[in-house]
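Please read it with the coordinates open.

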Amino acid sequence: DGNAEQKEEITVYTALEDDMIETYLTSFHDQYPDIDVNIVRDSTGVITSKLLAEKDAPVADVVWGTAATSLLVADQQGMLEGYAPEGIDRVAAPYKDSKEEPHWVGINAWMTGFAVNTVEMEDMGLDIPQSYEDLLDPQYKDLIVMPNPASSGTGFLTVSAFMQQMGEEEAWDYMDKLHENIGMYTHSGSKPAKLAGQGEYPIGISFGYRGITQAEKGEPIKTIFPEEGSGWDLEANALVKKEEIKPAAKTFLDWAISDEAMKEYSENFAITSVPTDKPVPEGFPENPEEQLIENDFNWAAENRGTILDQWTKKYDGKSAPEE
Amino acid sequence: MMKHLAVEQITKTFQDFTALKDISFSIEKGEFICLLGPSGCGKTTLLRILAGLERPNKGSVLMNGRDMTHLPPAERNFGIVFQSYALFPNLTAAQNVAYGLNPKQFSKRERKEKALNNLTLVNLENMADRYPAQLSGGQQQRVALARALAMNPEFLLLDEPLSALDAQVRIQLRNEIKRLQKQVGITTVMVTHDQEEALSMADRMIVMNNAKVEQAGTPQDIYDRPSSPFVADFIGTINFVGDQLIPNGAKEDIAVRPEHVTVHPLPADSTLPTRVESLEYRGSSYRVVLKQTTRDHVLYADIDTDTFKKQPITVGEVVYAELQEDKVIFFHGRPEPITTKQPVLT
Amino acid sequence: MMKHLAVEQITKTFQDFTALKDISFSIEKGEFICLLGPSGCGKTTLLRILAGLERPNKGSVLMNGRDMTHLPPAERNFGIVFQSYALFPNLTAAQNVAYGLNPKQFSKRERKEKALNNLTLVNLENMADRYPAQLSGGQQQRVALARALAMNPEFLLLDEPLSALDAQVRIQLRNEIKRLQKQVGITTVMVTHDQEEALSMADRMIVMNNAKVEQAGTPQDIYDRPSSPFVADFIGTINFVGDQLIPNGAKEDIAVRPEHVTVHPLPADSTLPTRVESLEYRGSSYRVVLKQTTRDHVLYADIDTDTFKKQPITVGEVVYAELQEDKVIFFHGRPEPITTKQPVLT
Amino acid sequence: MISALQSIFTRQPVVRQSLNKDAHIQRILLLLMLIGLGTAIILPVIELLKRAMQNTQGEYIGFENFITYFSSPSLFQSAIHTLSVASVTMILSVSAAFLFAYAVERTEMKGKTFFTYIALLPLFAPTMMYGIALVYLLGNNGVFTTGFFGLFEQWFGWQASDFDIYGFKGIVLSEVIFTFPQAFLILKVSLSTADQRLYEAADTMGAGTWKKLFTVTLPSIKYGLVSAFFVSFTLSFTDFGAPKVIGGQYNVLATDVYKQVIGQQNFSMGATVGIILTIPAVIAFIVDQRIQRRQSGISSKATPYQTPVNALRDRLFTTYCTIITIGILILFLAITAAAFVKVWPYDFSLTLRHFGFGSVAGDGLQPFYNSLIVSAVTAVIGTAVIFIGAYLIEKSRHLKWVRNVSYFLSILPIALPGLVIGLAFIFFFNQSAISLPFTSMEVANPLQWLYGTMIILVLANIIHFYSVSFITATTSLKKQDAEYEAISETMKVPFYKTFTRVTVPLSSPAILEMMMYLFVNSMTTISAVVFLYSSEWKLASIAIVNMNDAGDIAPAAAMSLLIIVTNILVRVIYEALVTSIKKRKVGI
Ligand SMILES: Nc1ncnc2c1ncn2[C@@H]1O[C@H](COP(=O)(O)OP(=O)(O)OP(=O)(O)O)[C@@H](O)[C@H]1O
Ligand SMILES: Nc1ncnc2c1ncn2[C@@H]1O[C@H](COP(=O)(O)OP(=O)(O)OP(=O)(O)O)[C@@H](O)[C@H]1O
Ligand SMILES: [Mg+2]
Ligand SMILES: [Mg+2]
């Protein structure tokens, strides 16, 4: 048809959950029918490594809803272009890059939560853990699953939260003990919740939203937000630095923090970077922002490499089942 | 009388196909028997029945009068050499030869010694440690022979042991096998489809055709007095001349070998006028193909080169063929009305 | 003089192995040449060089005086028949024969007709629609022949065309090929390693050994006057008797064929006393193996059956061998000190 | 091989032949093939080697990465893990396959065809599937682990037990199932060509069953055994799918590569581990080449094996085969059940919702369609390219050195694990400039546009599965008379006519086999493509890994089931075509 030539096409890398993307994009398609959005969805680790691998010849125009800590890694390699999307002022300071033209802008925060399978817990006669401290209880030996911080954003924010809350020494100490109870470290952040949902492992350290949606599908899952407070990260957007920056890329970034978009985000997340009037979704704490710990993204990004090295050395593979 | 080995009315069928039909014969101790016949006539099947590798539908195999039709191969005391040698490729010549020697019966040293002795018998003592792949075809064949003899069998069965070899090696091994057989004195049955081989090696030949024994006898008997046109034709070349010598005679009733046809430049009593169709040089002789001038019959004549050179003939020439009367073979008795002296020249 | 086909100083090596060394010969129009030699002597390689399928390292191939060493196979005018026939199994006999006929040059009908004509030439007109798998070995061979002839080549190259066939079919096809060649009048080079085949078919033979031409000539020439001990031994059986007739003579200098050794019951002038070692019956003749009584030399003698029967000899008997003087072959000229009339009986 | 390479450098002068059109076309095709193979195999592998010797900043550091690797305990441990998995797999898989192949080839057991097809069934599934199925059966909440969800306990008082399936046991079980059909096929072929006369010779000399086994049977399948051992070792050594799904914390080299590259963006270390991953395959490759050369010296005049009558033996083997069959079928049943059950193990009502994939992989059935397209294109183009390549190498008489080098390049990929091909491809195709080997020159990469397209997936698959298809083609071509080309040439028939009129028809069963092989393997493969796919061309096997990563195991099972059903369908079509060809063509 006639306006086929005017159609613009952008490639968007995202780590948002598959089941969210379609709903979110509906309003974008309605507003901008002439822009084709080419979605590349993968886990945070994969999206990050794809970005980095393509450093010489970037494929993505925009990164959407990907962990801020990961975007900081790409930023350190000089891969991101500053851009202040329309309505940037509505975004509160902790949720965006501090530069004049921010290199990244958050859309929502997500936080650690435990998905606990109530049926299995009852079968085994176990108490439901309420805090990080509780997880160390020997009754949970080999029953806890947690995402591997090296590949999962959720995993990293959880570990980074331990560090920032407890201090490094303490945190390693804590994790040494936690490791005793871990049955498996998973590649992605949602898998622990899914495994809990199948009863494969009754307790999964995951992110809050995951467990809550599974409970809606009928799985016997209760989501616990730890008493000590949850580690959190932002799903953030960024413009990829490349020779030809398409106007449509900026249009997309503008839309991505618009009120319509925020409304959709708030369906799934308790905390959006631009506050909406939506009530907190069911299952989340009344006052979600209080659940969040103090989080220094720059510190996390800077130390990411060393923490992961150390973590991998200590735990990855060591907990292999005895032969 | 108790024969060394006797085969009695053996019949063997595969599905609806009859491979052997009522086969009977017997063998004396120490004899060398050649089993000869065209491909598919049942030679191998018969040998396998003797060895116990195949079971007959009917009939029996007697050894020194004892029925052993039902014994498994291991209990029969037969040594076998197959056409393909069937050497174990992963064992050395010596190990192959020692394969059948029971470790309970012979110590390791004894087995080794026996293997070497048998290899010496076939002049391969210095090849003891070679693998079959490192031996020539003829050497492999001799190892197979040594292996068969190592068990001190009472009978040796050879299934076309030479057919896979070069002509020269074949002739050399013929002599070797014959020498060995006489030396060891072992009763031997050898299958072949090479008439020359059978003629030159056998004490007695058994000619088979179509699952049946056609004729058994010494090589000379069989060559000079074949009992049937089939045998005459199968052993050596033959001219069937029945229809040329008797009016309305059956072609296959009377036969003569090419070396018993002589050629004369001029007609004489009882010669046939013929035209030379072609000449085939064979070194020590010429095979001349003659065509009767009056009819379309072909006659082969063998003329030795010396004779030929004294009296050369050329293609197209008319010559007169004479059949040596005393050599003519009559399959159904000499017919009354006609002798070879008065050939019918119609 | 301009030859029909001339090969000049062809040399061919594979890696460090020399398969042909300075080969030269020439062929007249319409000749039937047999290339004969032991396995691996380079026959096939030579044939492939003639056809252009292999490139020589040196030398040239001339056709009617024109150098065609540089031409690819398609531009020479050779028909080839390989030992394996190389018939296309998914095409019928007729399609195989018509395969090389250019559709641009001949209409479909013409190609079909030509194919049928050529099949008729080999007496296979009624097999036109059969696939190779439905034909016997001999029939397949004839289709291959028809296919090679269909292109009207100036030369026909045959690489052991008969070696894969049964003895009987082989002899029959020999005649067929010879007849066809004479009928078409095509210059033909046939490779074989069967001396009987070469003797009986060739107008001229080229005997090769070790990458070289040993002798070229008519079959009679080569049999009667072999130019080297190799040829003498390779074509027919031979006794080397140099060391028996001349003191300190080279064994291979003087030779005689078994049919030129006669055996006498009593000694005479120039006879050798021998013991009969073994007798081999061959139908029309006996091969007698004689061992000189005084030395360890073996002598073969062929005695035809009739003569043998008149004067039978037995194994172990002492007989006196005479070499027919006029048939003795001297490879390096007749030596002075000795004639065959005075054999040295040391 | 080596002597063939040597001969390239020691050529004698040969009289030149003038070249006609045919010769020119053949020479051009040969050179094109050489350039193609060189670009698709040698250049990427060189790039990989270069990366392994660089640090993350791209500076040359020699073997430092290897030293780091072996001195870091957790990484070094992966190597030990991989070795243990591969060794145990090799022994279990070859033993099981030997008995199975023996049953099929050397007994009079009934249902041999059925058992053969069952044994081949695992070929049709991606390795992830075995992992997933094992989780359903033997996982912490698996069917067997819980004794049929407590039913056993109710009925027989049988306690649920802990199989500890995540890790060593799970990986080994998956790999055994994965390599079983491959070992089975090799051993079946070896066992099918026994020389009956050797058995008869042994019989006449009074050898017993065991003596015959050790002196005749085993020696005669020696090469088959060695190659079955190698194949199961290298396949399980380099497999990525099963450890990914069921490995738990039991790290192996293949998952290390993935983690280094995808998780930690440490490409140099990824390349380093990739090279380590290649070692056993390279050893196997060299040994295999040697053995083959030695083997060619042995000619066999074997007569076909005749199975002696033995009812007890037949019964024992039938029992054995039935047990294996049940084992294999249970896996497939579990996958089928998982794909159709709503919430395993809490709600067993049936549903088709897992086949929607909408809420999980994001693209619905698109990855499956992508896989179909990529596999079909791989099958068609791959077969054409490989067959023509094999034809030129086997039948042309031009440019001998090109044919020798191309032959080597054609069988080389068998030594390259998929992960290594994938890595080498990203390194090579994703760089903007290529530095020419052995020089310091750089040229702009004219192939960079391939990155992220479907073409690179097809190319990776073709290279990944090149050697086996090439050997299929070569074997079929070798069976054809060597003189067809010579005859055609003397008859002035252009080579392409003989190629289309004779060579291709005669090879049609082999061509179909190559197509089927390429299709089925492209459907199931993960290792090469996991690094190369783009969002538009996400494949079914990748969707399985992603869904499994996200914990969406039921849709992952559903996707596996789709792949299996497709592959079985393709196989059925293949069998039907081959049968009809054999029936129709008298000559073949
Ligand atoms: N196991 C079998 N099943 C069916 N037919 C068989 C079997 N073995 C042999 N035959 C048939 O029996 C016939 C005789 O076979 P045999 O091997 O004894 O022949 P042969 O005389 O040894 O022939 P050749 O000279 O070719 O070796 C042949 O027609 C053969 O096809
Ligand atoms: N392509 C090749 N590469 C290496 N050596 C070869 C090649 N072709 C032939 N030869 C060698 O050259 C020699 C001559 O071979 P050729 O085929 O011409 O022998 P032949 O006389 O035809 O033997 P046969 O009677 O066995 O067919 C042999 O030793 C052979 O091994
Ligand atoms: Mg036989
Ligand atoms: Mg040859």
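1. Is Leu399(D) buried or exposed? Leu399(D) is buried, its relative accessible area being 18%, and the cut-off for that class is under 20%. The residue sits in the loop of chain D between α16 (366-395) and α17 (400-411). Its phi is positive, about 40 degrees, although Leu399(D) is not a glycine. The model is a predicted one, and the backbone angle here should be read as a computed value of that model.

2. Asp22(C) is part of strand β2 (residues 17-27) of chain C. With a relative accessibility of 43%, Asp22(C) counts as partly exposed, whereas Leu399(D) is buried.

3. Helix α8 of chain A (residues 191-198) is largely enclosed by the rest of the structure, because 8 of its 8 residues are buried. The buried residues include Lys191(A), Lys194(A) and Gln198(A), as well as Pro192(A) and Leu195(A). After α8(A) comes Gly199(A), which has a positive phi near 80 degrees.

4. What does the side chain of Lys194(A) meet in a salt bridge? The partner is Asp552(D), at 2.1 Å from N to O. Asp552(D) lies in the loop between α23 (540-549) and α24 (553-584) of chain D, and Lys194(A) in α8 of chain A, so this pair joins two chains. Both ends are buried: Lys194(A) has a relative accessible area of 6%, and Asp552(D) is at 10%. In general, side chains of opposite charge can pair when their charged atoms come close.

5. Lys309(B) is partly exposed, with a relative accessible area of 41%. Asp224(C) also counts as partly exposed, at 21% relative accessibility.

6. Within chain B, Asp203(B) and Lys182(B) form a salt bridge, and their closest N and O atoms are 3.3 Å apart. The two residues are 21 residues apart and belong to distant parts of the chain: Asp203(B) is in the loop between α6 (195-201) and β9 (204-209), and Lys182(B) is in helix α5 (residues 167-184). Asp203(B) is partly exposed at 27%, and Lys182(B) is partly exposed at 46%.

7. Which residues are linked in a network of salt bridges? One such network links Arg174(B), Glu196(B), Glu280(C) and Arg282(C). Over all chains the count comes to 54 salt bridges.

8. Chain B as a whole has 10 helices and 18 strands. Its C-alpha trace spans about 80 × 45 × 35 Å along the principal axes. Of its 346 residues, 54% count as buried.

9. In chain D, how do α4(D) and α11(D) lie relative to each other? Their axes come within 8 Å and cross at roughly 140 degrees, α4 covering residues 73-106 and α11 residues 222-238. The two helices are therefore oblique to each other, since angles over 145 degrees would be needed for roughly antiparallel. The crossing of α4(D) and α11(D) is right-handed.

10. Ile28(D), Leu29(D) and Leu32(D) make a nonpolar surface patch of about 270 Å². Leu32(D) is found in helix α2 (residues 21-52) of chain D. Leu32(D) is exposed, because its relative accessible area is 52% and the exposed class begins over 50%. An α-helix has 3.6 residues a turn, so residues three or four places apart point the same way.

11. One last item concerns chain C. Val328(C) lies in the loop between β17 (318-323) and β18 (329-330). At 9% relative accessibility, Val328(C) counts as buried. The C-alpha atom of Val328(C) is separated by 10.0 Å from that of Asn239(C), and the two residues are 89 residues apart along the chain.

Terms used. Residues numbered from 1 in each chain as written. Chains lettered and ligands numbered in written order. Predicted model: local features only at pLDDT ≥ 70, side-chain atom pairs only at ≥ 80, totals over all residues. Heavy atoms only, no water. Patch = residues over 30% accessible without salt bridge, like charges linked within 9 Å, V, L, I, M, F, W, Y side chains within 5 Å. Areas by Shrake-Rupley, 256 points an atom, 1.4 Å probe, with all protein chains shown as cover. Salt bridge = Lys/Arg side-chain N within 4 Å of Asp/Glu carboxyl O. Helix = DSSP H or I, 4+ residues; strand = E, 2+ residues; numbered from the N terminus. Buried < 20%, exposed > 50% of the residue type's maximum accessible area, 1.4 Å probe, protein only. Axes fitted to C-alpha atoms, helices over the stretch in contact; angles between N-to-C directions. Parallel < 35°, antiparallel > 145°, perpendicular 65-115°, else oblique. Left-handed = near helix turned anticlockwise from the far one by under 90°.
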